Amino acid sequence: MFKSRKCLASPQFSYRWQSIFTVFFIGAFYVNNGASVIPEASQEGPLRSFKSYDDIVMFHFNVPKHVLRATWQFIAFMDSGECPQRKVNIFLKWGSYPVISENLEAAYPAHMYIENNTLQVSALTAFEPKDMTIVPVYSPEPGDWFVGAYLSYWDEKVHQKGLGHKCRYSIGSVAIWSETTGIKNIPLGYQYTMKTKETISYYKIFIPMDTWSFQVDIWGCNFKLKKSRNFVEPCIKNLELKGNSLPFHNHSNPGPIGNLSSMDTYTFSELSPYQDTWYYLMVVSSSAITFNVKVTLTNCPVRTVEEVFIHQYVHSPVYVRNDQSYMKNVEDPPMQYFSSNNQSQLKENPIITNGKELSIAKDDDNLTSCIPRYQLVRIKHSQTLSGDYLLRGRELLTSWLALTDTYPVITQFEVLPLTDIGGTLDINMCLEINKVLSKQQVNVSICISRGRVPKQITGHIKCDNSNMTRQLSTMGDMLDASLLIPYPQPGMWYIALQATCYMYGLPVRCEMEQILVSLSIKLRACVFEGDQSCGEYGVCQEIRKGLLYYTACKCFGGRQGWGCTDNTNASSKFATLLTTLSLTLSNLFFIPAICLAYKRRFYTEALIYFSTMLFSSLYHACDQQFTTYCVAKFEVLQYCDFFSGILAFWVTFIAMAELPIQYESFCHMLGAIIITFGVESDKTGLISILIPIIIGMLISISSYGCYCYKMKKMIWPKRLIQLIIGLSLAGFGILIFSLVETESNYQYVHSAWHAVIAISLIFLLPPMREEQILTQISDNTLLNYKESPEDSVFNADAGQQDDHLIMEVN
């Protein structure tokens, strides 16, 4: 039978939200010390308990550049003071959507990494909120910020729309930020004298894409207003350099760099800088000063893979070195494959290997050495949130990368904001090598990072985050490795690979000139590859909210987790099958009502009861998330279930009215038209259910009233006890449906609702009408007719036998 789980937002929330924040917006805009506080437009959305990621209300904010502090303020509402107070969980993240699971302790799929950069706070709903939840963020990164919020889970009642008051909850959010203006640019490559005007001054430096490293030298600070003869008197109290966002000065706890005098020099060295972005220099002084600054860059161009560097796997033999000098010293300094454009090549201790000359750089020359770096090409597929990244050569695209033990190799690819962040970034690495042709153990170290190139220390790749490190090896079953990153943050991503060979546990020179590694990088919806992107116990939801588009898994069968892989609270297949059977087989309680209606010659009613039983069973079989069986579209089965369920009540009331036969067909068609209009308008609305039932009851009551009026007296129905039992059962079914049914007990209570309503029809269905009995008697008499004067048809007391037959039929 029909059910309703729809929730709507109250229009009163918007008015109350705007009223509360009107005063706030009036006083929110001001200018203080060159920093203007700019409010973002308020946003509001309905709150729901978390059952899937679709239940999360999502807000999107865009923070501009040069913001020193951003503040988010939240207020949670409920539409009535009688509603229970609920806890609201709020998540704030830069760049991409926050990764939120139904159970925060639920397990994530294997090889999945969750970035720990999400701010989490909580709030409480209130009818007339007086307090705000404030989240300040100092030195926020510019760009997209996302806020996700939901209510903590409770066993929510299955509420029939329009029946009683359903508590509705909402959250409002507003963001303000202080934006610093008038920031001067520091030119690159030559000395420049800067002048401060305030105690805290900011300067910006643009770092191009091809920058491998850079350094900022600061020296010769002097006071502008007075010439100090004390050369050791500090003129710079604090210095700080930061990429992407402005440094924040904490007066109570200043940074470690400071107290510089005119004789002091300080150098910032960035070995692995952010690229194609701004760096910001903060200078704190007690008064206006001048200082000298110089920015020096080391460039390493991003290259395309040369034709000799790409090999198709089927044409890639294993090359073995001719020389036998495989042992190498692990303490040797790093090898430099090529030098930067603006630095002189180092030619100390050259090594000749297979006719190629390589130079060795000193340990302290990390600024001058750089390693090959290749840009991956993004291949967009027709499906949304689907794409590949491949190496680009002169004539082809490939996923194969050839490594040597001489130097590491870095690949880079870009994840676009908004476009690529709503799915999963899947990185798969495979070491392709023939163990038979080489007795050496080959290891490939892989480091994955976002925003910065992985650091190179003493010739080895250094990964700051161990969770983003993978190892491939010919020893054991380690030829494959993978990494899943849900909702990846936008920007440039880097993958550094370095090969090393071992013999008897010692590092040696590799026998093979080239070691092939397959690098498969994909963007896709939800989690896993293939048709079952959420596994066997989940479905992939495509969620669109305004301009935002993202995907998430919806789990069933008690499964939890981001990929529906956590079976801690999973239901057994037998229990899940039993739930489905209880909702479908409980409709068999309509069989007695169908048989009784057929016996009493209520053929129309019998047909409607059978249709209700059939469509309710098919609808609930299709409504299950596990062991689903749909003979038609879900919407079609849902419509037929609602239509036949309401029509069953209608024809029962018309039968109880005992109208003349010439009016019954008219009432049946009238009911079909009314019910069709109501169900098509709003299947879950209470109005579409109540109007036909009320009209049907009025027809029955009016018919009984007309009968009493003709008889000139009040006549109690002969079936009063049966009517009381039938109406009591129907009332009991309505009570458990509206008051007892919740999300957790839905399958049991709704099955009981099927049984109670079906049984009530047995007591409400009237007996066979007199004209139907006479028709049956006439049919039986004609079949048993014998041309005999002694036949009862021609006897005077035939009426007594008719009365006897009437009693017998009833």
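**Aromatic rings and a surface patch**

Me: Is Y274 buried or partly exposed?
Reply: In this predicted model, Y274 is partly exposed, because its relative accessible area is 22% and burial requires a value under 20%.

Me: And Y279, what does it count as?
Reply: Y279 counts as buried, since its relative accessibility is 0%.

Me: How many aromatic pairs are there?
Reply: The count comes to 22 aromatic pairs. In one of them, the ring centres of Y97 and Y550 are 4.5 Å apart and the planes stand at 45°, so this pair is tilted.

Me: Where do those two residues lie?
Reply: Y97 belongs to the loop between β6 (87-94) and β7 (119-124), while Y550 is in strand β39 (residues 548-555); the pair therefore ties together parts 453 residues apart in sequence. Both Y97 and Y550 are buried.

Me: What about Y274 and Y279 together?
Reply: Y274 and Y279 also form a tilted aromatic pair, with 6.3 Å from centre to centre and 45° between the planes.

Me: Back to Y97: which residues share an aromatic cluster with it?
Reply: Y97 is in one cluster with Y53, F146, Y487, Y550 and W562.

Me: Which ring does R559 lie over?
Reply: R559 lies over the face of Y537, 3.8 Å from the ring centre. In another case, the charged end of K712 is placed over the ring of Y709, at 4.8 Å from its centre.

Me: New topic: which residues form the nonpolar patch on the surface?
Reply: The patch consists of L577, L581, L585, L588 and I591, which together have about 400 Å² of accessible area. Helix α2 (residues 573-585) contributes the most, with three residues.

Me: Where is L581, and how is it classed?
Reply: L581 lies in helix α2 and is partly exposed, with a relative accessible area of 35%.

Key: Residues numbered from 1 in each chain as written. Predicted model: local features only at pLDDT ≥ 70, side-chain atom pairs only at ≥ 80, totals over all residues. Heavy atoms only, no water. Patch = residues over 30% accessible without salt bridge, like charges linked within 9 Å, V, L, I, M, F, W, Y side chains within 5 Å. Areas by Shrake-Rupley, 256 points an atom, 1.4 Å probe, with all protein chains shown as cover. Salt bridge = Lys/Arg side-chain N within 4 Å of Asp/Glu carboxyl O. Helix = DSSP H or I, 4+ residues; strand = E, 2+ residues; numbered from the N terminus. Buried < 20%, exposed > 50% of the residue type's maximum accessible area, 1.4 Å probe, protein only. Phe/Tyr/Trp six-rings, centres within 6.5 Å; stacked < 30°, edge-to-face > 60°. Lys NZ or Arg CZ within 6 Å of the ring centre and 35° of its normal.
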